Structure formats: C-alpha cells, structure tokens
Amino acid sequence: MTHVLRERAERQFAAELAALADSDRLPRPPQWQLSPQAVVTYLIGGTLPNGVEITPKYIGNRRLMEIAVATLATDRALLLLGVPGTAKSWVSEHLAAAISGDSSLLVQGTAGTSEEALRYGWNYALLLAKGPSPEALVPSPMLNAMRNGRLARIEELTRIPADVQDTLITLLSEKTLPVPELGIDFQAVKGFNVIATANNRDKGVNDLSSALKRRFNTVILPVPDSLDEEMRIVRSRVDSLGKVLELPDLPPADEQIRRVVTIFRELRNGVTEDRKTQLKSPSGTLSTAEAISVMSNGWALASHFGDGTVTAGDIAAGLLGAVLKDPVQDRAPWQEYLETVVKERDGWKDLYRACRALD
Ligand SMILES: Nc1ncnc2c1ncn2[C@@H]1O[C@H](COP(=O)(O)OP(=O)(O)O)[C@@H](O)[C@H]1O
Ligand SMILES: [Mg+2]
C-alpha cells in the first residue's frame, strides 16, 4: 500500500495492465500500449488465459466501451456525454491509462479556461530575458499529448467559453499546433487523440458549435438500467474506496446498499420501483456517485463510532445531505416520500426513525 491518497489508474492497476500486455497477441494501433480488445477487457473485466483476474472498472454495456475504444483508434475524438455521476471522468481516466499508459494529460474545463490551457503559455522570466525561444515555451497537456502520441483529456468541455473551444477545431482537424512567435508548427505524432467529457445538464451553458461537434464521436453514458446493476456499481466502488482508505473490514452492507439505491432511483425516476406510486423529484441529481459516498460515509461512521455493522443511523445523515440539496425546495418532496413510502415499507421502520431523528 502506498501513501498516495489517490493513485492514478495506470499505477493503481499497473499489475493488471502488465498482465494484459503480456497476453495480448492482437494488433495494436500505433503507440497504443494494448490492442483495442485488451483495452475493453481492462474496462469491463474478465479472466486472462493465464488465470489473472482483471477487475471491472466500468459496470454496464460492453458495446459502449467498444464504440469508445474504436473511436480512439480513428482520427475522430471521443466525447463522453451524460448526467453527473455516470462515470464519464472515470472511464476517460481508465481509457487514457490503458491506451497511453498515462492519464495525467488533463485540462479541466471551466468558465476561466484560457487558450493557453489548450495550446501553450510562456515562462515570462525566460521570455523577457531571451525573447521567444523553445525553452521559454510552456506546453499545455494537449501539446504534450500531441508531441508524444498520447491521449489528452478535457473535462467538462461545455463549460469552456465558446471562443476558447474553437481553438480545438484546428487542432483536431489539422492535428497541428502552430506557434507563430517561433515560426514553427508542432505536428501531432501518431497515437494522439482527445477524450472530452461533458454534462447533459450543462446544455445551453456553452453548447458545442456544430463545427466542433463534427470532430467528435459522442458516446452517451446512461444511468444504470436496473436496481441490481446500480447496486453492483455501488458495492464494488465502496469496497475499493474502503480498501484505499484502509477502513476496518465490516460485514457486507448489502441491505443498506439496496435501500440507498432504491431511494435514489425512486426519487430520481419520480415513481416507486413497483410503479404504483408517483413521487415528486427533488432538485439534486441523486447520482450513483452520490450513492457511493453515502455508503462510504456510512461505513466510516459504523467502523469508528458504531458497533461494526452499517445501520440505518449510519446512512441517514448522508442520505438527507444528498436529497436536500436545496433545503427549502426539496423539503416537501422528501417529507412526502418519507411519510408515504419509507414509513410504510416492510422492514424500513429503523430507517424511517433514523431520518426523522435528524429532522
Ligand atoms: N457504470 C459505472 N461503472 C463503474 N463505476 C461507476 C459507474 N457509474 C458511476 N460509477 C462511479 O461513480 C463515480 C463518479 O463517476 P465520475 O466519473 O466522477 O462521474 P461523471 O464524470 O460522469 O460525473 C466513480 O467513482 C465511478 O466509479
Ligand atoms: Mg466528471
């Protein structure tokens, strides 16, 4: 176990990646560390011919991962689109780790992202002392990816101002980055491509221009289909987060996971799982990612302050925090859900009491 709180994927899963590379006999696109098939196995999980287990990273439709990986082997970039918490950033990191062996070439998109973050900047001390020179140039992650034939990642592409987004159009179509100050062009090396993520809910913030959209293949990551699938995601992520944080082992908390995921799904969908009762949805996204944190908080509470099993009392606080995003507006739908669904459901009395106790 290392002391780093969050290892990059290529380090955390170095053993799996090495085992995949060892057994991989299929052709690899230029500069790829693995064949497209092996990259998908890394993402979806499986057992290698030599018995090595590859843990699943993405739990969901294999075909979506095949489309994403195949796109990166073409000259089009990949756009992962979806509501918050659908594993867009997670998949993007693992794709870069498996394909380039490096997930660190990352630009975080914000309203303040400048052209420099996508192109290059200058070391002003050197620039003043010596004038424009290659040594004074500070490359962006994008430029580094171009020069080394790697994947660059852009997080939250649609938050970047439209004129800055336009910088990407030439970069993606010409695969060239001119530096007029030095009279040179950097030309992308084979292996270079871009994975961007964007949030469905940001629509209209800075919608992608149609010119830029054409440079991307879009893969939509859906919210999990079924209760069971969503439970599997939460269980596997909570387990591995707990290991990294070295939380004391606890008996599996499947019953609590089932309840948290059920509540999230019902409120998100505006109807109970049995489809019999219509519900009002609160304003928050209630994503799988938030269900994961409610459960890890519950685990920490149970192991440090509880009796060693995750109880209703350990998940109630996290649950309320996730549901009551807007303390005024979200109160009514939550109260109604609590009184008409949670209170009446068989075996849920403890959870009802724990939630009421916090109100
Ligand atoms: N289908 C899934 N398979 C595996 N993990 C998932 C899935 N959906 C969500 N997660 C988990 O949810 C967490 C948040 O995902 P993230 O990539 O940050 O979401 P996004 O970027 O889409 O908002 C991650 O820890 C990820 O492991
Ligand atoms: Mg994200």
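**Before you select anything**

This is a predicted model, in which local features need pLDDT of at least 70 and side-chain atom pairs count only at pLDDT 80 or more, while totals for chains, interfaces and linings use all residues. Residues are numbered from 1 along each chain as its sequence is written, and chains are lettered from A and ligands numbered from 1 in the order in which they are written.

**The whole protein**

With everything displayed, the C-alpha trace spans about 70 × 50 × 40 Å along its principal axes. The protein has 16 helices and eleven strands, where helices (H or I, at least four residues) and strands (E, at least two) are DSSP runs numbered from the N terminus. Of the 359 residues, 37% are buried; a residue is buried if 20 or more other C-beta atoms lie within 10 Å of its own, exposed if 12 or fewer, and partly exposed in between, with C-beta atoms placed from the backbone.

**The two domains**

Select residues 9-220 for domain 1 and 227-358 for domain 2, bounds that come from an automatic or database domain assignment. Five residues from domain 1 and nine residues from domain 2 take part in the contact, two residues being in contact if their C-beta atoms, placed from the backbone, lie within 7 Å. The side of domain 1 that touches domain 2 has four nonpolar, one polar and no charged residues; here Ala, Val, Leu, Ile, Met, Phe, Trp, Tyr, Cys and Pro count as nonpolar, Asp, Glu, Lys and Arg as charged, and the others, Gly among them, as polar.

**Helices α11 and α12**

Next, select α11 (227-244) and α12 (254-269). These two helices pack at an angle of about 125 degrees, with their axes 10 Å apart; axes are lines fitted to C-alpha atoms, for helices over the stretch in contact, and angles run from 0 to 180 degrees between N-to-C directions. That makes α11 oblique to α12, since angles under 35 degrees count as roughly parallel, over 145 as roughly antiparallel, 65 to 115 as roughly perpendicular and the rest as oblique. Show side chains for Leu227, Glu230, Met231, Val234 and Arg235 in α11, which meet Ile257, Arg258, Val261, Thr262 and Arg265 in α12. The residues of this contact divide into five nonpolar, one polar and four charged.

**Two loop residues**

In the loop between α11 and α12, stop at Glu246, which has a positive phi of about 55 degrees although it is not a glycine. Glu246 is exposed, with 7 other C-beta atoms within 10 Å. Then move to Arg275, in the loop between α12 and α13, where phi is again positive, at about 65 degrees, in a residue that is not a glycine. Arg275 counts as exposed, with 8 C-beta neighbours inside 10 Å.

**Helices α13 and α14**

Finally, select α13 (residues 288-305) and α14 (residues 312-323), which pack at an angle of about 150 degrees with their axes 8 Å apart. The two helices are therefore roughly antiparallel to each other. On α13, the contact is made by Glu290, Ser293, Val294, Asn297, Gly298, Leu301 and Ala302, and on α14 by Asp314, Ile315, Gly318, Leu319 and Ala322. By class, the residues of the contact of α13 with α14 divide into six nonpolar, four polar and two charged.
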